[in-house]
Amino acid sequence: MAYFPEVSKIAYEGPTSKNPLAFRHYNPEEVVEGKKLKDLLRFTVCYWHTFRGTGVDPFGSATLVRPWDDGSNSVENAVKRVDVAFEFIEKLGCPFYAFHDRDVAPEAETLSQTNKNLDAVVKALKAAQERTGIKLLWGTANMFSHPRFMHGAATTCNADVFAFAAAQVKKALEVTKELGGENYVFWGGREGYHNLFNTDMKRELDHLAKFMHMAVDYAKKIGFTGQFLFEPKPKEPTKHQYDFDAAACLNFCRANGLLDHIKLNIETNHATLAGHTMMHELEYARIQGALGSIDANTGDLLLGWDTDQFPTDIYLTTQCMLVILEQGGIAPGGVNFDAKVRRESFDPIDLFHAHIGAMDAFARGTKIAAAIRKDGVLKDFVKKRYRSFDTGVGAEIESGKATFESLEKYVLGKETLNPNESGRQEMLENIINQYL
């Protein structure tokens with residue numbers, strides 16, 4: 001049965017195409033900086049928003065029309081949803097998908113029955129992967145929706161809940177391995193707090209570290225060789241999330257001996273909520289060898305919360321790709337569309353429009369970033385700006401030879417300091433605009 005009978009496989013038709021169901025800029029076979037776009041971008045469809053989203057928001061009930069979904073929380077409905085998902089992903093031409101355990105299979109009254117439900121759907125997922133060649137980019141566990149996680153999962157004050165979370169991640173790791181997942185993500189949905197009057201912060205952070213070490217140890221035990229990813233988010237649902245931004249996550253990993261095991265999955269909307277740009281978060285992770293994957297979306301700056309909109313801003317995608325290309329790509333991570341259609345865009349066809357636009361935006365951003373890099377307009381300027389550290393006293397500072405005493409002697413021996421030069425920010429922004 002076809003669930004999107006009006007849609008054929010989305011094709012690349014070039015920049016002059018007026019077909020809303022075609023790519024104008026994303027040609028998967030096009031080579032940029034030595035890699036095909038499909039291998040460089042590794043586009044990924046997220047299961048939770050795309051196939052489980054309903055359009056509900058804090059002020060209104062569900063709006064999205066999904067004819068294939070009977071509204072039940074049955075295993076049968078979940079298995080049918082697999083067919084829908086893979087038809088969509090295959091027609092779109094994305095090589096990957098990603099999911100939380102509770103996205104794909106319903107939770108039951110007991111953990112044992114929940115695991116059986118998951119196994120039944122995983123069987124269908126595995127068959128669909130083998131039939132289509134679509135792969136699992138990453139799996140993760142939803143440890144934030146159920147009321148048991150009201151105080152957190154790994155940072156809960158309830159040892160039984162901690163134990164349940166451990167069992168849930170154990171199963172999620174097993175399933176991710178069985179499906180050939182290339183990564184596993186930790187997103188601490190409720191790993192944080194609202195008020196220190198009732199919180200032992202040190203104990204909670206210690207527990208989170210123990211939990212993540214348990215996951216690393218179990219992955220080794222079962223032979224899961226995928227990359228672990230830690231996803232920063234500063235707020236929502238808790239006021240003080242422990243995974244606030246890239247700096248906080250890397251500091252936590254470094255302090256707890258996890259840096260060799262975990263990289264970061266950076267999301268645009270989360271960067272915005274932390275008061276950063278996406279480019280800042282990506283570059284902070286990259287320079288420390290910790291940029292693993294990205295959740296590609298954007299927020300609405302007029303709303304100020306996690307709206308998870310599809311990315312269509314070419315300036316944003318260019319900034320993202322300047323960092324990713326500098327790293328040489330993002331594999332085994334990918335560009336995951338952790339984004340949802342607006343509740344007013346309720347027809348199934350809107351899912352295609354949203355993904356096509358986002359894929360084209362990233363393809364354009366990639367080619368623009370590559371052109372900027374080829375011309376060297378940014379790298380040459382930055383290199384020149386820091387040239388005082390290439391020789392003389394600057395080189396001594398960078399090599400570690402300089403001391404306070406030697407620098408004092410250097411300054412006292414000069415009549416005047418070398419003058420500062422303009423940062424030319426406006427000129428550089430104008431130059432970037434020439435490429436857009």
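Analyst: Rolling a probe the size of a water molecule over the atoms shows where empty space is left. On a 1 Å grid over the protein atoms alone, a pocket is an open set of points where a 1.4 Å probe fits, with protein on both sides within 12 Å along at least five of seven lines; lining residues have an atom within 4 Å of a point. This model is predicted, and totals for linings use all residues, whereas local features need pLDDT of at least 70 and side-chain atom pairs count only at pLDDT 80 or more. Residues are numbered from 1 along each chain as its sequence is written, and side-chain values use heavy atoms, without hydrogens and water.

User: Which residues lie nearest the centre of the largest pocket?

Analyst: They are Trp48, His49, Asp306, Asp308 and Lys340, out of 41 lining residues. By class, this lining has 18 charged, twelve polar and eleven nonpolar residues. Here Asp, Glu, Lys and Arg count as charged; Ala, Val, Leu, Ile, Met, Phe, Trp, Tyr, Cys and Pro as nonpolar; and the others, Gly among them, as polar.

User: Which element gives the most to the lining of the largest pocket?

Analyst: Helices (H or I, at least four residues) and strands (E, at least two) are DSSP runs, numbered from the N terminus. α2 gives the most, with three residues.

User: What lines the second largest pocket?

Analyst: Its lining has 27 residues, with Met279, Leu322, Leu378, Lys379 and Val382 closest to the centre. The largest share, seven residues, comes from α13. By class, there are twelve nonpolar, seven polar and eight charged residues in this lining.
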